[in-house]
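Morning, everyone. I have one structure to walk through.

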Amino acid sequence: MDKSNEVDLKKAKEKAEESETKFRAILENSRDAIGVSVKGTHVFCNPAYLKLFGFVDNNELVGTPILDRFPKSHRDQIFQNIQNRATVMPSPSFYESRCIKKDGTEFDIDMNVATFELKGEKYSVGIIRDITARKQAEEALRISKDMLSETEKIGKVGGWSFNIDTMKQTWTDEVYRIHELEISPNPSIEQGINYYTAESRPIIEKAVKRAIEFGEEYDLDLEIITAKGNRRAVHAIGKADLKNRRIYGFFQDITDRKRTEEALRNSEEKYRLQFLNMNSYNSLYEVVTDKDGKPCDFRFIMVNHAYEKYVGKTADELIGKTLLEVYPETEQYWIDKMAEVATTGVPSWFENYSKVMNTHTEINLFVPQKGQLAMTTGNIDDRKKAENALRVREAMHSKMISNIGDVIVIIDQNGINRYKSPNIEKWFGWTPEDVLGRSAFDNVHPDDLEKGQAFIGALALIPSGSDTTEVRYRCKDGTYKWIEITIVNLLHDTSINGFLGNYHDITEKKKAEAEKEKMDHQLNQMQKLESLGVFAGGIAHDFNNLLQGIFASIELAKIYSKDEKSVLSLSKAMETLGRASNLSQQLLTFAKGGAPIKKAGPLFPILADAAKFALSGSQVLCNFSIDDALWNCNFDENQLSQVIDNIVINGQQAMPLGGSIDISARNIILNDGDKFALKAGKYIKISIKDHGTGIPAEHMSKIFDPFFTTKSKGHGLGLPTCYSIISRHDGLIEVESEIGKGSVFHIYLPAIETCSLPKSNIANIEHKGRGRALLMDDEEVLRETIGEMLKYFGYTVITASTGEEAVKIFETEKEKGNDFSVLIFDLTVPGSIGGIGAIEQIRKICKSTPAIVISGYSEKGVITNPLEYGFTASLNKPFNLESLRSILSKTVVPASS
């Protein structure tokens, strides 16, 4: 070999060694894992390769099969890929697989394989990267998408977008479901708009056009006709992203909400109290129009308490005034927006930021009825803060959940909370961190726990099954709210792997149902008493007339009898008749004629006397607790005494071994809605509490029913009588009871702070009558017996059987110059003008003659207010000599002989 060839060979060798050193340095320092193999066996591994698989020394891998680093399930495919690279396709190849570390841990890889031939030997070079983190991120994204899809189903809300330049549109699955369409290639903009009704189409077209041209957002409640011909109300929200040339937004099925709003509009008065006490700021306006009939202003009709607090003005300062009178700085935009809804009748939902209040609000405008406009405003500051902190997709998710207004939950197969939406804090006070990892049943009311567990247990057996139940849920402050839980079993779904559901607060609904049930019961009670009243009134007149005849006859017999035994027997008969009269009076209390004869005065003396009298001779004590400055009342002393007597005796009978009854009387002020049967104002609340056996739960709804009794000798009129008396005093009676601890009756009576008590005008018990008395009654026996009573007092009695006859007698005697000392007329005479008609005609002739109206039963106010009808006084049948003597002494001026 010549010298020049030796030099060339040496240079080539040096160059090769330099190249090998250079490439080995690259391989040694590469961050990618690089391995070289011949015939499927490792011949070289760089440090990154060793580190990736958990080896320290190259010798640990060199000489070992490449397939040992792959799971058995992947080896056939890897071997085939290596063969293909070596024979058919020697160019580089990229594919994903799984590998095994030295400790047996599996992980995901991305592999790039190339082959080359050196000195007749075929080599394979593999560049491997760990893609475990990427795979986990992809799986998390898939779970997030699946969760979003399920949430869309529950909330009936989907998303959409379209490119302004290409007008290509994209819908989420829920938008297809709302339109009742099969999921297919996305429809065009024109097709989507054509699903809107004829009334809604121009509105959405205008909104979309302005969004494209000016970037305006829109928020509309409209209607569509689905592919199956069903009419649905929808909530369409559109936002413009002109920078990226797209329009996007949300689309929600609000058909149920719209139906609810319609029901509320038709039941405005029924839900007035709920309107006043809602957390949102609610206001109702009368539409004020200009000379052309266009809305130009809005007059306040009603605002709720939250609205008063929000604007810092009371309802009295707002109602009757217009919006521009109260807020002259109101922007024309607001007037135009409100006028549009008032004119079209199409509700509008939108968000607003108030610089003055520094609050974000959610506003809903709608027309409850023609000529009116309602505005519901809710504070959404918390939601806005959360939305601004989240990524775009998470913000969309949060907004949908917020729009639903319910708490979204995920519970695993063991009943442990895996997810709670942030608005759980708004509704229940808990933060998601407070409840995550704890049992979903921790805050369920103990009485509902078994029910809730059975509900989840049954649902666990039904893949994809869903159901709804109601339980009480404990808030962070210790109070309980009623919630409606809707759960879907997605245990089989790997993205959820649990129960997906929502908690809906139905506390107000439950309260309304309970109040309605209570109101229905009380109305039913009143109807029962009314029916009994009709029955009682029908027999009262004849019964009391009979009693009157017997009363008078026995009393006169006692007076004229000289035999002591006869007088004693007659006295006992009078006592029996007295009890019969009391029973009759209880029946009459239910009739319209049992109206109380009220007088203003203090309550405590009546309470004390009636209670002490009822307990006299028993082993039961009475404790009183009375406000020092207890207000006065207008009340019927006899009827109220009867109420206290009945309740106290019931309490005494509930304590056969003795005990005590606690009676309290307090001044209270009721607001609207405190007691549905009572108007707002001042009341005296009387509470009568015993410590007896209590009333069984199954009897609580019947205790005020006529003739219902659990006593062997009871007649079932005591408590119904109390109920009727208190009702006719414009009051209310309620009862609470607990078995083994006793019962307490609460009585509410309208109060007056002061009263002017009439001066005592009690006449001398003795009465000597002179002159003539004109007595009119259709019953002959009563004309005879009452006539005898009048004669006993010294009157000459002239009788008449009808009102016409009485008027004729009076006119005839007047023409003769003869006067009457007193007129006593029966109120009701079948086939005659009766007492009222007779006194009307007589008063045209003479206004001074004392006249007393008597009746066994009356639906008219003449008995309680005789002066308004021309009479001097009134007297209920049956009456005795003492009652007649008293009324004559007060009304009759002795006439000349």
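First, a cut-off. Buried means under 20% relative accessible area, and exposed means over 50%. Keep in mind that this is a predicted model.

Cys 633 has a relative accessible area of 1%, so Cys 633 is buried. Cys 722 comes out at 0%, so Cys 722 is buried too.

Now a sheet. Strands in a sheet pair through backbone hydrogen bonds, in a parallel or an antiparallel sense. Here we have an open sheet of five strands, and the pairing is antiparallel. Read the order as β17-β16-β20-β19-β18. Which strands stand at the edges? They are β17, residues 417–420, and β18, residues 466–474. Each has a single partner strand, so one side of each is left without a neighbour in the sheet. From one strand to the next, the twist averages 25 degrees.

Look at the β17 end. Strand β16 covers residues 407–411, and it pairs with β17 over three bridges, antiparallel. Within that pair, Val 409 stands opposite Lys 420 of β17.

Helix α18, residues 446–459, lies across β18, β19 and β20. In residue numbers, β19 is 480–490 and β20 is 498–505. The angle between α18 and β18 is about 155 degrees.

Next, a helix pair. Two packed helices are described by the angle between their axes and the distance between those axes. Take α21, residues 604–615, and α22, residues 637–653. They pack at about 45 degrees, and their axes are 8 Å apart. Roughly parallel would need an angle under 35 degrees, and roughly perpendicular runs from 65 to 115. The two helices are therefore oblique to each other. The crossing of α21 past α22 is right-handed. On the α21 side, the contact includes Ile 606, Leu 607, Ala 610 and Ala 611. On the α22 side, Ile 644, Val 648 and Ile 649 are among the residues involved.

Last stop, Ser 161. Where is it placed? In strand β6, residues 157–163. Ser 161 has 21% relative accessibility, so it counts as partly exposed. Leaving out residues up to four places away in sequence, Ser 161 touches Lys 168, Gln 169, Thr 170, Arg 246, Ile 247 and Tyr 248. Ser 161 and Ala 240 are 79 residues apart in sequence, and their C-alpha atoms are 9.7 Å apart in space.

That's the tour. Over to you.

Notes:
Residues numbered from 1 in each chain as written. Predicted model: local features only at pLDDT ≥ 70, side-chain atom pairs only at ≥ 80, totals over all residues. Heavy atoms only, no water. Buried < 20%, exposed > 50% of the residue type's maximum accessible area, 1.4 Å probe, protein only. Pairing = 2+ DSSP bridges. Helix = DSSP H or I, 4+ residues; strand = E, 2+ residues; numbered from the N terminus. Axes fitted to C-alpha atoms, helices over the stretch in contact; angles between N-to-C directions. Contact = heavy atoms within 4.5 Å. Parallel < 35°, antiparallel > 145°, perpendicular 65-115°, else oblique. Left-handed = near helix turned anticlockwise from the far one by under 90°.
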